[in-house]
Amino acid sequence: MIPNPGRSRAVLEVGPGTGAVTRYITDSLGRLDTVDLIEANPRFADLLRHTYADDPRLRIHTGLIQEHELGSYDTIVCGLPFANFDARTTEEIFDRLLGSLRPGGTMSFFGYVGGETIRRTFADGVDRERTLAGLGALRRILRRHTFRTETVLGNLPPARVHHLAPVSPPAHSEPAPTCDCRETSP
């Protein structure tokens, strides 16, 4: 994140965990920039509150992303384990996050290389169907919104970082069929 003199930036980090990525974010902030952190695990949220107690740029919220009113952000960083979510949850979270980006804003999230394969391999029965549907939803979202993907081999395990941006509906999409639903008598 490159500082932009004269304009503050708003950043959202979802699923910061113990704050490994948060440290990088805070190091790149200007003094007028702000960061909202949303962490579902209360123990991690408390750790973050303790670590960043003296930094007025950070606001830490505990709970699921679905439980919070989101602002408008220039950058969203997400550490959620999407390979573990069902299709509906994945779609809802991405809709909320991408919808919270300011014009020109970007969202980045990571997943571990091989994570999807492991999840598919060890899931069975109903869990396998849910996993496959969730991964399918994730692939559709990535196809539509990804503008860059990086592989970070120095991470253990290696990670893939996906950078996304909201897109408009396709310019050549067909209008949805309309229905004249008035009852008619024979």
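Reader: What percentage of the 186 residues of the protein counts as buried?

Author: Of the 186 residues, 37% count as buried. Buried stands for under 20% relative accessible area, exposed for over 50%, and partly exposed for what lies in between, with a 1.4 Å probe and protein chains only. The model is a predicted one, in which local features need pLDDT of at least 70 and side-chain atom pairs count only at pLDDT 80 or more, while totals for chains, interfaces and linings use all residues. Residues are numbered from 1 along each chain as its sequence is written, and side-chain values use heavy atoms, with hydrogens and water left out.

Reader: What is the mean pLDDT of the protein?

Author: pLDDT is the predictor's confidence in each residue, from 0 to 100. Its mean over the protein is 85, and 82% of the residues reach 70 or more. Over residues 170-186 it is below 50, and beyond near neighbours in sequence this stretch has one contact in the model. Contact means heavy atoms within 4.5 Å. Where pLDDT is low, the predicted coordinates should not be read in detail.

Reader: How many helices and strands are there?

Author: Helices (H or I, at least four residues) and strands (E, at least two) are DSSP runs, numbered from the N terminus. The protein has five helices and seven strands. From the N terminus on, the elements run β-α-β-α-β-β-α-β-α-α-β-β. Of the contacts with a separation of 6 or more, 62% are between residues 24 or more positions apart.

Reader: Which residues of helix α1 are buried?

Author: In α1, residues 20-27, the buried ones are T22, I25 and T26. These residues lie on the same side of α1 because they cover an arc of only 95° around the axis; the arc is that of the directions from the helix axis to the C-beta atoms. On the face turned away from the buried side are the exposed residues A20, Y24 and D27.

Reader: What covers the buried residues of α1?

Author: The cover includes the strands β1 (10-14), β2 (34-39), β3 (58-62) and β4 (73-78), along with helix α2 (42-51).

Reader: Which residues have the most contacts inside the largest nonpolar core?

Author: In soluble globular proteins, nonpolar side chains tend to be buried together. A nonpolar core is a set of buried Ala, Val, Leu, Ile, Met, Phe, Trp, Tyr and Cys residues joined through side-chain atoms within 4.5 Å. The largest one here has 23 residues, and F82, F94, L97, M107 and F109 have the most contacts inside it. At least two residues of this core come from each of β1, β4, α3, β5 and α5 (125-145). Helix α3 gives the most, with four residues. Leaving aside neighbours within four places in sequence, L97 is in contact with L12, V14, I65, L70, I76, C78 and M107. Another core, of 11 residues, lies apart from the largest one, and V11, I25, L29 and V35 are among its members.

Reader: How many aromatic pairs are there?

Author: A pair of aromatic rings is described by the distance of the centres and the angle of the planes. Rings of Phe, Tyr and Trp (its six-membered ring) pair if their centres lie within 6.5 Å; planes under 30 degrees apart count as stacked, over 60 as edge-to-face and the rest as tilted. The count by this rule is four. F82 and F85 have ring centres 5.6 Å apart and planes at 85°, so this pair is edge-to-face. F82 and F109 are edge-to-face as well, with 5.3 Å centre to centre and 75° between the planes. This second pair links distant parts of the chain, 27 residues apart: F82 is in the loop between β4 and α3 (87-99), and F109 is in strand β5 (residues 101-112). Ring pairs join F82, F85, F94 and F109 into a cluster.

Reader: Is F82 buried or exposed?

Author: F82 counts as buried because its relative accessibility is 3%. F85 also counts as buried, at 18%.

Reader: With which side chain does the side chain of H163 make a polar contact?

Author: A polar contact is a pair of N or O atoms within 3.5 Å; within protein, one must be able to donate a hydrogen and the other to accept it, and residues adjacent in sequence count only if both atoms are side-chain atoms. The partner of H163 is the side chain of S108, at 2.6 Å. H163 is in strand β7 (residues 159-164), and S108 is in strand β5. H163 counts as buried at 10% relative accessibility, as does S108 at 14%.

Reader: What else is S108 in contact with?

Author: Neighbours within four places in sequence aside, the contacts of S108 are I76, V77, C78, V161, H162 and H163. S108 and C78 are 30 residues apart in sequence, and their C-alpha atoms are 6.2 Å apart in space.
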